[in-house]
Amino acid sequence: MAIQNQDVRRIAVAYPDLQGNEMKYVTDCIATEWVSSQGPYVKRFEDAFAEWTGVEHAITCSNGTAALHLALVAQGIGPGDEVIVPSMTYVASANAVSYVGATVVLVDSDPTSLNVTPQAVAAAVTARTKAVIPVDLYGMPVDIPALRDALPQGAIVVEDAAEAIGARVRGTHVGGHSDIATFSFFGNKTL
Ligand SMILES: *Cc1c(COP(=O)(O)O)cnc(C)c1O
């Protein structure tokens, strides 16, 4: 039986909330003609975001997908390398691995935490494993210190925290336990 559109109850991931200074700041960018990456708001945002999440450096780029891609490039990951990715995530987590020519190794997610587990990651590790991309799915933080114990020496953690801005684990904002973490400010994310 076809579901009529009016019968579908929509549950949004998150709604944009643009009732602060957003209009004022965007207008300021246009009025001053600073609409490039060197405008003063970009640096202010990077500094404020790093301070708020408790990390040393935050770098902006065009979106969360590009951030994942750049993170892997920056770590020299490429053909012949394997990167472990949860099978339940937004496709960008796996796409980034294929952009750099590395091999995606999918692992199942835990039905309660919705996240990868140290056990599943340990079972997927091979001599070619260079990184894992744990995803804080729907705001559920991955326990990164526990995950690290499952990784071989030298393998890195690139945390995909696109859906979890504001979430903390062991008192630390998501991303703070990883080698690199990526975020997204797409309209349906938590900031
Ligand atoms: C949204 C999302 C991304 C990609 O972010 P964009 O800014 O839309 O490119 C990556 N990973 C996850 C888990 C996401 O939810």
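How many residues apart in helix 2 are Phe45 and Phe49? They are four apart, and because of that about one helical turn separates them in helix 2, residues 40-53. Helices here are DSSP runs of H or I with at least four residues, strands are runs of E with at least two, and both are numbered from the N terminus.

A word on the source. This is a predicted model, where local features need pLDDT of at least 70, side-chain atom pairs count only at pLDDT 80 or more, and totals for chains, interfaces and linings use all residues. Residues are numbered from 1 along each chain as its sequence is written, and side-chain values use heavy atoms, with hydrogens and water left out.

Now the rings. Rings of Phe, Tyr and Trp, the last by its six-membered ring, pair if their centres lie within 6.5 Å; planes under 30 degrees apart are stacked, over 60 edge-to-face, and the rest tilted. By this rule there are six aromatic pairs. Phe45 and Phe49 make a stacked one, with 5.7 Å centre to centre and 25° between the planes.

As for burial, the terms are buried for under 20% relative accessible area, exposed for over 50%, and partly exposed in between, with a 1.4 Å probe and protein chains only. Phe49 is buried at 8%, while Phe45 is partly exposed at 32%.

Phe45 has another partner. Its ring centre is 5.2 Å from that of Phe185 and the planes are at 80°, so this pair is edge-to-face. It links distant parts of the chain, since Phe185 is in the segment after strand 7 (180-182), 140 residues apart from Phe45 in helix 2. Phe185 is partly exposed, with 39% relative accessible area. Ring pairs join Phe45, Phe49, Trp52, Phe183 and Phe185 into a cluster.

Next, the ligand. Which residues come nearest to the ligand? Of the 13 around it, they are Thr65, Asp160, Glu163, Ser184 and Lys189. A residue counts as near if one of its heavy atoms lies within 4 Å.

A polar side-chain atom of Thr65 is 2.6 Å from a ligand oxygen. Ser184 has a side-chain N or O atom 2.6 Å from an oxygen atom of the ligand. For Asp160, a side-chain N or O atom lies 2.7 Å from a ligand nitrogen. The ligand on its own has 380 Å² of accessible area, and the protein covers 91% of that, by the Shrake-Rupley method with a 1.4 Å probe.

Conventions: A polar contact is a pair of N or O atoms within 3.5 Å; within protein, one must be able to donate a hydrogen and the other to accept it, and residues adjacent in sequence count only if both atoms are side-chain atoms.
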